[in-house]
Amino acid sequence: MVYILLAEGFEEMEALVPADLLRRAGAEVALVGLDAPVITGSHRISVSTDLRLEDVSLRPSDMLVLPGGLGGVMSMKASPSATDLIRNAHRTGCWLAAICAAPTLLGQLGILKGRKAVCYPGMEDQLTDAIVTADQAVVTDGKIITSRAAGSAYEFGFALISALFDHQKSEEVRYGIKYRFGEDPVKS
């Protein structure tokens, strides 16, 4: 199961593009509301959630995705329930994925210590004890995936698919939505 945590002020593209791509790949995806069944993003788009935070039950094969959006990240940081969920995901051995400002939350929780990571440009000093790789759009280090910003939401989503399935599945989805034109990877 992939859980995408939505908090007031989240960046819509960073949550919904990966959710869409993952569902196209066949992943089971749940949008999780931090404090309400409908969460409003940073661009005033309201999204109905599938689950409440307290309904999440993590297993090592699961993935927790944290969209950015400064308001959403601040809401997560201010919520003991959200930070407990993130710590629990890390302890359980789940995949942890964060984009834009959200990797800074992983840094502040001590989860990025000694790991390669990337975040929104200018916030790198908040990736506490991480090895910052600012020249990449998406970085995977073990079971942690980080990405730069809304502009890398597609690459982020493809990286999540590759992690949960494989690169071939990611390429099939990429081809299916015509993100990159060329030969059909299924026929290659």
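First, a term for the tour: a residue is buried under 20% relative accessible area, exposed over 50% and partly exposed in between, using a 1.4 Å probe and protein chains only. This is a predicted model, with local features needing pLDDT of at least 70, side-chain atom pairs counting only at pLDDT 80 or more, and totals for chains, interfaces and linings using all residues. Residues are numbered from 1 along each chain as its sequence is written, and side-chain values use heavy atoms, with hydrogens and water left out. Element names follow DSSP runs, numbered from the N terminus: helices are H or I with at least four residues, strands are E with at least two.

**Stop 1: the sheet**

Colour the strands. Seven of them form an open sheet with mixed pairing, in the order β5-β2-β1-β6-β7-β11-β10. Two strands count as paired if DSSP finds at least two bridges between them. At the edges sit β5 (51-52) and β10, each pairing on one side only. In general, strands of a sheet pair through backbone hydrogen bonds, either parallel or antiparallel.

Now select β2 (29-33). Five of its five residues are buried. Show the side chains: Val-29, Leu-31 and Gly-33 point one way, while Ala-30 and Val-32 point the other way. On one side, β2 pairs with β1 in parallel through five bridges, and Val-2 stands opposite Val-29. The chain gets from β1 to β2 through α1, and this β-α-β crossover is right-handed (with the strands pointing away from the viewer, the path from the first strand over the helix to the second runs clockwise). β2 also pairs with β5, again parallel, over two bridges; look for Leu-51 as the bridge partner of Val-32.

Move along to β6 and β7, a parallel pair joined by four bridges. Met-63 faces Trp-95 of β7 there.

Then jump to β10 and β11. Which sense does this pair take, parallel or antiparallel? Antiparallel, over four bridges. Val-139 has Thr-146 in β11 as its bridge partner. The two strands make a hairpin with two residues between them, and Gly-142 in the turn has a positive phi of about 65°.

**Stop 2: the cores**

Pick out Leu-5, Leu-64, Leu-66, Met-76, Ile-86, Leu-96 and Leu-106: among the 33 residues of the largest nonpolar core, these touch the most other members. Such a core is a set of buried Ala, Val, Leu, Ile, Met, Phe, Trp, Tyr and Cys residues joined through side-chain atoms within 4.5 Å. Helix α3 gives the most to this core, with four residues.

Centre on Leu-66. Leaving aside neighbours within four places in sequence, Leu-66 is in contact (heavy atoms within 4.5 Å) with Leu-5, Met-76, Ile-86, Ala-97, Ala-98, Ile-99, Ala-102 and Leu-106. A second, separate core has 31 residues, including Leu-6, Leu-21, Ala-25 and Leu-160.

**Stop 3: helix α5 and its neighbour**

Leu-160 leads on to α5, where Leu-160 is one of the buried residues, together with Ala-153, Phe-156, Gly-157, Phe-158, Ala-159 and Ile-161. Select 153-164: α5 has twelve residues and spans 17 Å from first C-alpha to last, close to the 16 Å expected at 1.5 Å a residue (the expected span is 1.5 Å times one less than the number of residues). The buried residues of α5 pack against α1 (12-25), β6 (63-66), β7 (95-99), β10 (138-141), β11 (144-147) and α6 (167-176).

In α6, click Ser-170. Ser-170 counts as buried because its relative accessibility is 1%. Beyond neighbours within four places in sequence, Ser-170 is in contact with Phe-158, Ile-161 and Ser-162.

**Stop 4: two positive phis**

Finish with a pair of loop residues. Arg-44 has a positive phi of about 60° although it is not a glycine, and lies between β3 (38-40) and β4 (46-48). Why does Arg-44 count as exposed? Because its relative accessibility is 73%.

Cys-100, also not a glycine, has a positive phi of about 70° and is found in the loop between β7 and α4. Buried or exposed? Cys-100 is buried, because its relative accessible area is 11%.

Notes: Axes are lines fitted to C-alpha atoms, for helices over the stretch in contact, and angles run from 0 to 180 degrees between N-to-C directions.
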